[in-house]
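User: I'm new to this one. Can you walk me through it?

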Amino acid sequence: MRRLSLGLFLLAFAVCGRSGTEVTEPSYQSSAPGLGKVFVVNIDLPHNPLLMYEIYRPLIDYLNRNVPGASFRLETSPNYEEFTRKLHEGQFDFALANGHQTLNALHLNYHVIAKMADDSQLVGVILVRHDSGIQQVADLKGKKVAYPRPYCMMGTIMPQYYLHTHGLDIKRDIENLYVGSHQSSIMNVYLGNVAAAGVRRPSWELFKRKHPDQARELVAQWETEPLSNVGVVARDDVPPQVAALVAQLLNTLHTTEEGRTILARIPLSRFELADDAHYRELESFLHKVYRAVRPLEEPCP
Amino acid sequence: MKALGASLPFSVAAHGSFKRQFMLTFSVGSFVLIATFVTYLVTAERAQIYADSTEHAFDLADALKVSSLQWVPGNDLAGLQEVVNAIHDHPELRYAMVLSPQGRVLAHSDPARIGQFLADESSLAFLKGPPQSRVITDDVSRVDVAVPIQFKTWHMGWARIALGREQVVAKLHKLVWSTVLFLVVATLLSLLAARGLANRLGAGISSLVGVADQVRRGNRAVRADAGRESEEIARLGESFNLMLDNLVESEARYRTLFEEVPISLWEEDFSAVRDYLKDLRASGITDFQQYFDDHPDEVVRLADKVVVLDVNRQTLKLFGVEDAEKPHLTLRAVFLPESLDTFKAELISLAEHQYHFGREIGLHTLRHTLRGKRIDILLNLIVPEGHEETLSRVLVAIVDITELKTFEEALRQSEERYRIIADFTYDCEYWQGPDGCLLYVSPSCEMQTGYRAEEFIDDPAQLARVVHPDDVAAFEHHMQHTREPVGPLDIDFRIIRRDGSTIWLNHVCRPVYGHDNEYLGRRVSNRDITERKRLETRLEETAAYARELIESSPDPLVIVSPDGRITDLNKRSEAVTGLSREQLIGSEYSDYCTDPDKARQAFMQVLTAGYANDVTLPVRHVSGNVTELLFNGVVLKGVTGEVQGVLASARDVTKLRHLERELRELNESLERRIEEEVARSHEKDLMLIEQSQQAARELQALNESLEQRVAFEVAESRGKDHMLIQQSRLAAMGEMVHNIAHQWRQPLHALSIILSNIRDGYALHELTQESLDAEIQRARALLKQMSATVDDFRDFFRPEREAAEFEIAEAVQDALSVMDATLKDKRIEVVESLPSGLMAYGYHNQFAQAVLNLVANAKEAIQEQEVPHGRVEVSLTRSGDSAILTIQDNGGGISEEILPKIFDPYFTTKEQGSGIGLYMTKIIIQRNHRGTIEAANVGPGTRFVISLPLVKEDRPS
């Protein structure tokens, strides 16, 4: 029976014999072990976060390799509300924001260190059909004009400001239709539903590439003044040497093959140095527009 | 038969021991088997449960990863926390967290951890590792896994899940205790079953053991109790009884065999010998051969110690012993002195543990019965299996081989006598078995062949290999017959001896049969007949020489036997008689003489006198003609002097008799013959005249033939030209296809655009009947243009059958228009100056093709030289009665070395060129248009100048 008992013991041991290693719970600490300062870079462009990540992550990797003693982490914002919230809370150290948000940042302990070039692309155009016979702004009197959305800067406000400055009372002389998107605005004028359509130039260029036959029947009859492109802001407490180095790296990005590859993904020809004064001028201009057309509340993609 | 099984006492100790061991073995065996099986099952189940738990943790972490992917790029902590909260209530979840690559907590099932960094070693270890799914902790209480959050190649963080295993452990404990309980119950049941079986088996086995014990003591009548037939023990008892029956039967059979076998069998006890050998080994003796050599007395002593247990009847008969005298039959009683050597060998064999010993030895029987008669025996000593250790039973079998030995001796002597006869024969003797093997080859074969007898025995094919190549066929033919038992055969052939010399052999063979008429092969005798062959050859040569002498005689020669019959003659004799040799041999010689009596008299004179001279005997030819012969005869005698016949030689004197008459006739006809010769000379003159006229006719015919050949050659030459023109045209066809492709490219592109317009218009609902008609109209115009292109090319390459006037400028334009698209494609500028009104006579298309060849040549030169601004200038001018067409390019010119050859046929410097383009151009210009063409390097390229006669001044007829 002793042998039998021994066998039973061995069986129990074999079955229950999984290593009884001591269970340790994970421990935490408030700071990252072995990590230097991590600068958060937020991208204020309301696109799919993963798409933004894919476009701008190489830029962040570039900064990480070229700014010694610091590391940069990319954050994207799913919408303007979220970006605005983070901006007010000062959650990020650097941000790439459109002109409107850049102006907001200037009032929230951020300052401009650089900006995207290619301002000339940031204009609104007013399209008419070739066969419409519309030559003068005054020809639009009594007709319908399409825009993307009411508060779209380049597709709506700037074209309306243009019409305003060229003699039209946009509230009385024309009927304003907000059709939801730039593409919709173009199709409305193409199909003859409206006499003219406001749209930003990049959207018009894209349409021309994708639908050259249809685009040949349209003409960009008028073009608005350009706005300032996306600005790069840094929080005021970011070490000046880091901010300066980031600005310099962006300013020279187009001079390297790697930099040009990064810029091509955005797409952009280059970054350039800028300061708060540049956007203060923009602010003055926008105030003028505001007074003339409508209040500035919502930026437009 | 008494069944003892039930009545035998059964040992309590044995019974108890068997029962205990059976129970122990059965119970422990059952326990081990069941325990092993359930342990395996439980272990496998446990591993599966843990693996499921781990997999579940990974599934949860994967879900967390996927849900977090949209929030991580934006560092949206609130969104991430919502994701974590969604799995917060998962059973056994210890914690869930989303981490940055650096270990910062972005979301956690304990929100207080958000923003903190992981600091424990295992966490830091996995953070440092590559972004791969991994198990951080896996033990009895918890499984902790992490899955990387990745987007494309960027590592964006970790999803980490820890699940507790309390339920898993509880489930396992329940499983183990159920298994243990099952094991205990199964073991107890097996113990009870073993006890019952042991009780029943023990009783039956003890009964069988008792029976076996009785049998061992010699009781062959005892049998086991097989009363309970259904049980295994009962069947075992039956088998045991059956085995006993077989044993009794076997013993009886053995006894019968032992007694009746015609071999002397001895059963002996070597136990004392075994003890002695054991002592020797114990004392360190290892070389028993040496020991017994040194101690012969011990061998004798050990022979006395062997106890003869039993002998059979054949032994008594062999050794002449009565039954009553069996006790006197000992080894020493039958041993001869030399028998002790055999016994010593037996001792050594047993000492070395070799238990089978056979040897021929000599023994002799008891003296008082057979008076010491010596017998030869064959002895075999065998130690039966099971008696190797004790040697208590040793079987010795003895066979009387005295007569066999006597026969063997007689046979040996007989063989020796035969071998002496065979070995010392002069001829090469051998015996070849039915299978071709050589059973015997006499040594004398070496004298004949140079090869030893063993070489033939080892390789019978050597017999054929020594045969001379010229005689191989005959030898093989002979050997084919010898494969069957046919009567004596002989053949003469040559062999090549080992030293390379050749000798003749007379080969005689005959079948050999055994006593039972069995065919045993062939006995062969080869005799060297080289000398005989040499003499035969010499004799044949002498006979041939004699025959030649006889035949070469211009006179008839005849040999006549003493009885007057012809025995031999030469061909001249056949000619005289008109009869063949076969007809004449054996016939009476006098039958052919016109005077047989005179012939017989002359013959008798020769026989009596020994000779006869100049006897004239006319001989009759079968045709009836008579030849006068002058005979001389001598007697022929043999070596011993006997008369063998008469040799008669005869000379034809017929001619001699006619000589004077012929001379006279010659003189008489001389004058007449002179006249005949004169007449024949006149005929020759007439013949010469005729021959002269014939030669004139042949010359005329030859001239006519020559003109026809010239005409034929000219025609053939023209055919070749046409062929070359055709080849050139085919080469141009390739160029044409290339040009058509270029001509069509633009309209095809336009057609594509028209089709796209129609499609887009339809898609955009803009397609109206008017716009569709307009597009179709445009498409038709393009297709018409393409069709016209094909027509132009077809007309250009259409062969012309008749020469005609043509406008030179128009032909040049045609050529340029064909090349137009290609030249534009290559960005080659064409500058032309082609005034109209210059007419030539010839072939419009051929001329255009010639121009095309030159322009194509210019294009290729420009391409080859990669001239950036290619240019071809074509100008037509008038110079007197000729039109001058100049084609100048800037393609770098032609090497001065090859310039003179460029118009040669098949001359080309191009890798893919045929070398007929410029040649054909020259042929077209010179032969078909009576013009000239020259080439020269001018400026940056080559200039071709064509001169054509204008039609009004010089029209070819």
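This is a predicted model: local features need pLDDT of at least 70, side-chain atom pairs count only at pLDDT 80 or more; totals for chains, interfaces and linings use all residues.

User: How many disulfides does the structure hold over all chains?

Analyst: The count over all chains is 1 disulfide. A disulfide here is a pair of cysteine sulfur atoms within 2.5 Å. Cys428(B) and Cys445(B) form it, with sulfur atoms 1.8 Å apart.

User: Where do Cys428(B) and Cys445(B) sit?

Analyst: Cys428(B) is in strand 12 (residues 428-432) of chain B, and Cys445(B) is in helix 14 (residues 444-449) of chain B. They are 17 residues apart, and the pair links distant parts of the chain. Helices (H or I, at least four residues) and strands (E, at least two) are DSSP runs, numbered from the N terminus.

User: Why is the disulfide of Cys428(B) and Cys445(B) right-handed?

Analyst: The torsion about its S-S bond is about 85 degrees, so the disulfide is right-handed.

User: Is Cys428(B) buried or exposed?

Analyst: Cys428(B) is buried, at 5% relative accessible area. Cys445(B) is buried too, at 1%. Buried means under 20% relative accessible area, exposed over 50%, partly exposed in between (1.4 Å probe, protein chains only).

User: Now the sheets. What is the strand order in the open sheet of chain B?

Analyst: The order is 2-1-6-5-4, for 5 strands with antiparallel pairing. Strand 2 (105-108) and strand 4 stand at the edges, each with a single partner strand, so one side of each has no neighbour in the sheet. The twist averages 20 degrees from one strand to the next. Two strands pair if DSSP finds at least two bridges between them.

User: How many residues of strand 5 of chain B are buried?

Analyst: In strand 5 (residues 142-151) of chain B, 9 of 10 residues are buried. Antiparallel to it runs strand 4 (residues 134-138) of chain B, joined by 4 bridges. A hairpin through 3 residues connects these two strands. Val135(B) has Val145(B) as its bridge partner, and Asp138(B) stands opposite Val143(B).

User: Switching to chain A. Which way do the residues of strand 4 point?

Analyst: Phe94(A) and Leu96(A) point one way from strand 4 (residues 94-97) of chain A, Ala95(A) and Ala97(A) the other, and all are buried. In a regular strand the side chains alternate between the two faces of the sheet.

User: What pairs with strand 4 of chain A?

Analyst: Strand 2 (residues 37-44) of chain A pairs with it in the parallel sense over 4 bridges. Asn42(A) stands opposite Ala95(A). Strand 11 (residues 231-235) of chain A runs antiparallel to strand 4 of chain A, also with 4 bridges. There, Gly231(A) is opposite Ala97(A).

Notes: Residues are numbered from 1 along each chain as its sequence is written. Chains are lettered from A and ligands numbered from 1 in the order in which they are written. Side-chain values use heavy atoms; hydrogens and water are left out. Axes are lines fitted to C-alpha atoms, for helices over the stretch in contact, and angles run from 0 to 180 degrees between N-to-C directions.
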